[in-house]
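Dear colleague,

I am handing over the structure that you will be working with, and below it I have written down what was found. Please keep the structure open while you read.

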Amino acid sequence: MKYNYNKEPLKSLSIKPFLSMVSDRNQVIEKAQAVMPQSEFNANHLAKSLHPQVQHVKIKKIFDHGDAKSFVLRPDQTKGTDSLAYFRAGQYVSVFLDFEGGCMNKPYAIRSNPADALGGEDNQYILTVKRNNPGFGSSYMLDHLKEGDPLDISGPLGEFYYQKFRDARDVVALAGGSGITPFYSMAAAIAADIEDFNLTILYGSRTSEGILLKEELEQIEKQSAGKVRVVHVLSDEEKDGFEHGFLTAELIKKYAPSDRTYSLFMCGPKAMYEFGTKEAEKLKLRRRFVRKELPGDCSNPEKNPDYPKEAAGKTFQIRVHISGEVREIQAASGQTLLQAMERAHIKAPSHCRSGECGWCHSKLLSGSVYIPQDADGRRMADLKFGWIHPCATYATGDVELEVYPVMEELG
Ligand code: FES
């Protein structure tokens with residue numbers, strides 16, 4: 001093959017610096033100290049501040065919304081967290097909860113404006129937790145946490161945020177219940193000029209009384225110069241100014257750009273995902289334009305057609321190798337291995353609780369398990385060498401597994 005390029009500029013380059021490279025490098029090595037420098041490199045410092053494994057916070061304020069509460073979290077300098085890590089609107093943190101009867105890491109979307117996470121010691125996150133979130137973590141947070149309480153949370157996680165090179169400039173969001181929280185953060189970021197895209201939120205609630213953060217959303221909509229629009233959709237009530245029914249393909253078409261160049265984001269309860277996924281198929285959008293936030297804890301495995309029916313209703317022995325110890329625990333057939341370990345107060349690592357992030361990655365040493373297809377986020381190599389995600393795995397016989405506690409700082 002013949003390349004036709006202009007070689008003239010190359011002629012002015014001298015080869016001299018290249019010839020002395022090796023001897024220059026050897027001189028630098030000779031002069032260096034024999035011990036590793038104790039100072040932290042800027043790149044490492046930046047990486048730590050952007051992706052901390054653990055952040056120590058205190059609950060500064062709690063706002064009560066009826067069946068939900070918002071927790072304002074500030075850094076706890078007394079424990080070494082000077083400021084909170086910056087995040088992209090739509091990301092989540094996992095909150096470590098340690099209580100009588102168990103311990104767990106529970107993921108919650110950061111509901112606040114990313115701008116609030118900048119600014120030294122006054123920076124903050126807001127998490128909004130709704131009572132009907134599945135699992136006992138949310139009930140514990142609503143019923144037991146009070147202002148001034150300390151908490152340990154992870155750094156910001158997840159990829160459910162606007163990505164300019166992947167997503168369309170217009171985004172239609174389907175939200176249900178507390179699934180409004182990542183979209184609230186995105187809307188606030190748009191109104192504050194931190195994000196630049198158009199966001200139409202179709203927010204499903206049962207009744208107008210039950211709409212979470214309604215006034216706050218109206219306020220953001222006004223400040224957004226037309227870039228944010230919120231449409232409330234009520235399933236159990238007909239009322240002027242509100243849509244009635246469900247988040248159907250017809251409704252999406254009514255509010256979306258007619259040329260189908262829009263991204264569809266979903267966040268809400270599992271039933272909404274199942275319904276929304278079927279409706280999204282009717283719209284024939286490009287695959288990369290359909291984005292879903294993680295659905296949270298796996299549940300009801302026996303409803304899946306491929307579940308081994310003979311395992312239903314049984315309890316199995318689980319032998320867990322962790323941190324040099326061996327623990328014998330029990331798992332009911334409807335409990336994930338992660339839930340069983342948490343109930344036994346074993347501090348197993350986890351973040352997403354949906355089989356996606358790989359944080360709970362553990363080795364299945366022996367035994368039979370069931371992994372729902374839609375929650376199996378393992379790589380080919382994991383499958384080949386017997387790795388599982390306990391957050392998305394159910395015992396169907398006695399099981400032995402090895403767990404690697406990568407978040408030892410938590411708890
Ligand atoms: S916690 Fe994310 S895959 Fe298990």
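Serine 323 is exposed, because its relative accessible area is 53% and the cut-off for exposed is over 50%. Please bear in mind that this is a predicted model. Serine 323 belongs to the loop that runs between strand S13 (315–322) and strand S14 (325–332), and its phi is near 50°, which is a positive value in a residue other than glycine. Histidine 345 is not a glycine either, yet has a positive phi of about 65°. You will find histidine 345 in the loop between helix H10 (337–343) and strand S15 (362–366), where, at 35% relative accessibility, it counts as partly exposed.

**The sheet**

In what order do the 6 strands of the open sheet lie? The order is S4-S3-S6-S1-S2-S5, and the pairing is antiparallel. The edges are taken by strand S4 (102–109) and strand S5 (125–130), each of which has a single partner strand, so one side of each is left without a neighbour in the sheet. From one strand to the next, the twist averages 40°. As a reminder, strands of a sheet pair through backbone hydrogen bonds, either parallel or antiparallel. Strand S1 (residues 55–64) and strand S6 (residues 150–153) pair in the antiparallel sense over 4 bridges, and lysine 58 stands opposite proline 150 in S6.

**Aromatic rings**

There are 9 aromatic pairs in the structure. One of them joins phenylalanine 87 and tyrosine 125, whose ring centres are 5.5 Å apart and whose planes are at 90°, so the pair is edge-to-face. Because phenylalanine 87 lies in the loop between strand S2 (68–75) and strand S3 (92–99), while tyrosine 125 lies in strand S5, this pair ties together parts that are 38 residues apart in sequence. Both phenylalanine 87 and tyrosine 125 are buried. Another pair is tilted, because the rings of phenylalanine 246 and phenylalanine 275 have their centres 6.0 Å apart and their planes at 55°. This pair links distant parts of the chain, 29 residues apart, with phenylalanine 246 in the loop between strand S10 (243–244) and helix H8 (249–255) and phenylalanine 275 in helix H9 (residues 270–283). Phenylalanine 246 counts as exposed at 55% relative accessibility, whereas phenylalanine 275, with a relative accessible area of 34%, is partly exposed. Ring pairs also link Tyr86, Phe87 and Tyr125 into a cluster.

**Charges over rings**

Arginine 111 lies over the face of tyrosine 184, at 4.7 Å from the ring centre, and the charged end of arginine 286 sits over the ring of phenylalanine 289, 5.4 Å from its centre.

Notes
Residues numbered from 1 in each chain as written. Predicted model: local features only at pLDDT ≥ 70, side-chain atom pairs only at ≥ 80, totals over all residues. Heavy atoms only, no water. Pairing = 2+ DSSP bridges. Helix = DSSP H or I, 4+ residues; strand = E, 2+ residues; numbered from the N terminus. Axes fitted to C-alpha atoms, helices over the stretch in contact; angles between N-to-C directions. Buried < 20%, exposed > 50% of the residue type's maximum accessible area, 1.4 Å probe, protein only. Phe/Tyr/Trp six-rings, centres within 6.5 Å; stacked < 30°, edge-to-face > 60°. Lys NZ or Arg CZ within 6 Å of the ring centre and 35° of its normal.
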